[in-house]
Amino acid sequence: MKFGFVKVAAAIPAVKVADCKFNAQQTEAQIMVADGKGVQIVIFPELNLTGYSCGDLFSHKLLIEQAEMALMQVMNNTRQLDIISIVGMPVVVNSTLANCAVVFQKGKILGVVPKTYLPNYKEFYEQRWFASSLTYTGVSSIRLCGQVVPFGKNLLFDTSDTCFGIEICEDVWAPVPPSSELVLKGAEIIFNMSADTENIAKHQYLRSLLAQQSARCLAGYVFASSGFGESTTDVVFAGNALIYENGTLLAEAERFSFNEQLVVSEIDVERLRGERLVNTTFAASVRTYASGEVQRIQSELVNSRDLSLTRYIDPHPFIPAGGKLLDERCEEIFSIQVAGLAKRLVHTNCKTVVVGISGGLDSTLALLVCVKTFDKLGLPRKGIVGITMPGFGTTDRTYNNALTLMSSLQVTTKEISIKDACIQHFKDIEHDMSVHDVTYENGQARERTQILMDYANKIGGLVIGTGDLSELALGWATYNGDHMSMYGVNASIPKTLVRYLVNWVAQTGVDVISRNTLLDIIDTPISPELIPADENGNIKQKTEDLVGPYELHDFFLYYFLRFGMRPAKIFYLAEIAFRGTYDSTTIKKWLTNFCRRFFNQQFKRSCLPDGPKVGSVSLSPRGDWRMPSDASAAMWLKECEELVG
């Protein structure tokens with residue numbers, strides 16, 4: 001699959017205990033369905049060819065023979081398919097029985113992986129029938145179905161698209177799971193076949209366990225567990241199927257379903273490789289723990305059928321899901337901002353701050369952070385000086401909202417017009433004021449910053465920066481103007497998230513008048529207001545008309561910075577995420593603009609003021625992003641040009 005996606009599936013077939021012929025039929029039927037869906041690797045539950053709950057029947061030669069016959073049947077009937085299949089069955093090795101995963105493709109067994117940790121407590125008593133993989137030291141191959149095949153717990157399956165490894169059920173519950181070693185030796189996806197019994201709250205714990213293991217291993221994790229049809233003499237099997245990628249759940253089965261299920265998703269192996277490249281702890285772990293022996297088995301992943309993505313691509317990756325989670329995330333983010341500013345105030349013994357209040361979203365969020373910080377430190381809000389600085393583009397709506405908000409929040413309000421100062425300045429530098437160019441705009445921005453800095457000096461305060469992460473990425477700030485402050489509380493907050501944070505404060509932490517003002521600010525078009533208003537007094541200069549929609553730019557920023565994705569892949573994902581909202585031509589236009597501006601504007605990020613990191617994406621030159629200001633964008637822009645939009 002293009003861009004590093006590997007399509008995988010976890011199959012939960014119908015099963016009859018000890019009926020190998022029936023189980024083989026169900027298995028091959030699901031393999032065919034999976035292949036038809038474009039799946040490249042499919043895994044089945046533990047011992048699915050016999051049923052997990054056979055008990056002492058595992059000691060019967062007939063069952064063992066029929067399991068092998070079942071495997072031969074499945075391989076023979078699917079030998080024309082490209083898909084790699086992983087099925088579970090008992091296998092005799094050196095006169096002992098091993099609980100195994102058998103990997104095959106096109107009628108050929110690629111390898112057999114025995115289970116390492118055999119549970120023998122409570123409802124489990126596997127040691128009664130099976131031997132651990134640790135029993136087979138020195139055994140590297142066995143004969144199965146007339147083929148001599150690789151055997152062992154340290155098998156890695158190398159394909160053209162990915163490298164994967166296998167562990168079985170209890171293995172992942174061990175203090176040091178086999179998968180931890182497998183990933184350090186090169187596995188990017190772990191497949192786990194299981195016979196997971198159900199009891200109260202166990203499923204929630206299982207989900208947490210798999211999420212943590214996939215995150216800890218920076219890997220994909222595909223889990224398939226026994227379902228309806230296994231014996232319920234003492235326990236019940238719910239048919240769990242779960243697919244994770246680096247801690248994120250991509251797809252899951254319906255628990256307690258009486259029907260067969262095939263859970264399909266795509267694991268972004270390219271993304272996992274990018275995560276590992278930048279994670280120095282992963283590299284150190286490889287150096288420390290990956291020295292053991294491993295058998296590498298070569299194969300190919302080929303499937304010419306449906307290669308489209310089924311996984312959800314969130315158009316707003318910085319915004320958590322709604323409801324309680326969104327509230328919790330907003331509270332956490334806001335608390336980080338407050339804690340950062342509080343430390344700076346305590347360290348400098350500063351009891352006053354200065355904020356430029358425009359009536360827009362960013363300055364509003366910065367003001368709210370200041371108010372909460374002062375409240376928590378027990379400082380009077382009058383120590384917060386909000387300065388509104390009307391200029392040539394200021395509209396009545398933003399001006400009135402700025403004054404109303406400062407009044408209702410009971411901070412100190414000052415109004416200093418920049419018009420006369422700018423007129424004098426333009427005369428001094430001989431600039432025609434009728435020419436509304438970059439000089440006209442930046443002159444106003446720098447005048448405002450000069451006022452804030454000098455007034456802060458006068459009262460012994462700190463200037464609090466209001467610029468956000470999206471503006472920093474695009475360089476949408478005047479160098480040594482709104483680009484500069486003494487502490488930037490919004491530096492790690494993307495524009496799409498600012499709106500949610502302000503709304504969260506409006507709903508949870510302010511009086512009625514402040515709430516109404518905040519809601520109107522949220523509805524106000526985003527603008528620097530540096531160009532005169534239209535004939536009706538409305539905002540004429542709208543930021544998103546000039547640089548593009550912020551929801552697109554935040555999407556680009558997330559995948560570009562967080563995962564180091566190339567423009568073609570970002571474009572591919574954006575087409576899926578924004579289908580029905582933006583066409584391909586529009587996405588291409590603004591992606592090209594993003595790449596050009598991101599490279600050209602690095603010099604502004606190289607000298608950023610201090611500010612708290614909030615999420616996994618940050619542009620601080622002291623932390624997450626170090627790039628020379630004269631780096632060339634040529635390769636990125638060339639790829640943008642070649643996109644079919």
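1. Helices H18 and H20 are roughly antiparallel to each other, a label for angles over 145 degrees. Their axes, H18 covering residues 584-600 and H20 residues 634-642, come within 10 Å and cross at roughly 175°. Axes are lines fitted to C-alpha atoms, for helices over the stretch in contact, and angles run from 0 to 180 degrees between N-to-C directions. Helices (H or I, at least four residues) and strands (E, at least two) are DSSP runs, numbered from the N terminus.

2. This is a predicted model, in which local features need pLDDT of at least 70, side-chain atom pairs count only at pLDDT 80 or more, and totals for chains, interfaces and linings use all residues. Residues are numbered from 1 along each chain as its sequence is written, and side-chain values use heavy atoms, with hydrogens and water left out.

3. Where H18 meets H20, the H18 residues include Lys-588, Leu-591 and Phe-599, and Trp-636 and Glu-641 are among those of H20. Contact means heavy atoms within 4.5 Å.

4. Elsewhere, six strands form an open sheet with mixed pairing, in the order S5-S4-S3-S2-S1-S14. Two strands pair if DSSP finds at least two bridges between them. S5 (108-114) and S14 (261-268) are the edge strands, each pairing on one side only. From one strand to the next, the twist averages 30°.

5. Within this sheet, S1 (residues 5-12) and S2 (residues 41-43) run parallel and are joined by three bridges. Ala-10 has Ile-43 in S2 as its bridge partner.

6. Helix H5 (residues 269-278) packs on the sheet and touches S1 and S14; the direction of H5 makes about 45° with that of S14.

Definitions and conventions: Parallel < 35°, antiparallel > 145°, perpendicular 65-115°, else oblique.
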